[in-house]
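Visitor: I would like to learn how to read a structure. Please take me through it one feature at a time.

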Amino acid sequence: MKFFIDTANLEDIKKANKIGILAGVTTNPSLVAKEGVKFEDRIAEICKAVPNVESVSAEVTPDALTAEEMIAQADELIKINGGDKRVTIKLPMTLAGLEACRYLADKGVKTNVTLIFTVNQALLAARAGATYVSPFLGRLDDISQDGVQLVSKIAELFRVHNLESQIIAASVRHPDHVTRVAMEGAHIATVPYSVIEQLTKHPLTDQGIDKFAADWEKTKSQ
Ligand code: E4P
């Protein structure tokens, strides 16, 4: 399973990239709003900051309701940085979003169909040519449904039918989500930087570091 980072914060993106684990970046309107920056400018900055990653998701704005409106926005987004092919158009899971997805997929543009909450939605997105499908596990858990089970079912369905879309486990809230979606066959987890930090932690690691440091001090007087 690969890691994408789920943020529009440049510093967090750079920090995650420094440790050599990053394969992509996902953003959404809420994450961009949090940064108080112009959307297209931030996507351009992200692309420049992480030349090594495979994908940078840029979501069409919520006021684009028809496929034509979404495609018009996508046409501008794919021009970013002189036509960076990694810019991935993130589309909502609606009829219009699927129509835009098929159009863009046929043009060779990467797409990420977002806000997926059922297996059927994932199947439709895959058949519409989505490069990535994004089931939101945390938001399902929030309403007492099982987000990891959804990822597991989508992974099984894609295996059975040889569907090429990659599953991005999204709305990941904690390390246990990461372990479980990796075991269940998600291709990618997109996670906030705070979760990446948590993934490195174990109390025995900290204790071990402290013990080695204390013992190393002793060697200085030997
Ligand atoms: C994914 O692409 C979304 O940006 C994200 O994972 C949503 O997560 P949230 O439910 O924590 O807002």
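Visitor: Which residues surround the ligand?
Guide: A residue is near a molecule if its C-beta atom, placed from the backbone, lies within 6 Å of it. The ligand here is surrounded by Asp6, Thr26, Asn28, Thr114, Ser134, Phe136, Gly138, Arg139, Ala170, Ser171 and Thr190. This is a predicted model, in which local features need pLDDT of at least 70 and side-chain atom pairs count only at pLDDT 80 or more, while totals for chains, interfaces and linings use all residues. Residues are numbered from 1 along each chain as its sequence is written.

Visitor: How many residues of each class are in the shell around the ligand?
Guide: Ala, Val, Leu, Ile, Met, Phe, Trp, Tyr, Cys and Pro count as nonpolar, Asp, Glu, Lys and Arg as charged, and the others, Gly among them, as polar. The shell has two nonpolar, seven polar and two charged residues.

Visitor: What is the mean pLDDT of the chain?
Guide: pLDDT is the predictor's confidence in each residue, from 0 to 100. The chain has a mean of 97, and 100% of its residues reach 70 or more. The model's scores are ipTM 0.97 and pTM 0.96.

Visitor: In what order do the strands close into a barrel?
Guide: Strands of a sheet pair through backbone hydrogen bonds, either parallel or antiparallel. Strands (E, at least two residues) and helices (H or I, at least four) are DSSP runs, numbered from the N terminus, and two strands pair if DSSP finds at least two bridges between them. Here eight strands form the barrel in the order S1-S2-S3-S4-S5-S6-S7-S8, with parallel pairing.

Visitor: Why does asparagine 162 count as exposed?
Guide: A residue is buried if 20 or more other C-beta atoms lie within 10 Å of its own, exposed if 12 or fewer, and partly exposed in between. Asparagine 162 counts as exposed because it has 6 such neighbours. Leucine 115 has 19, so it counts as partly exposed.
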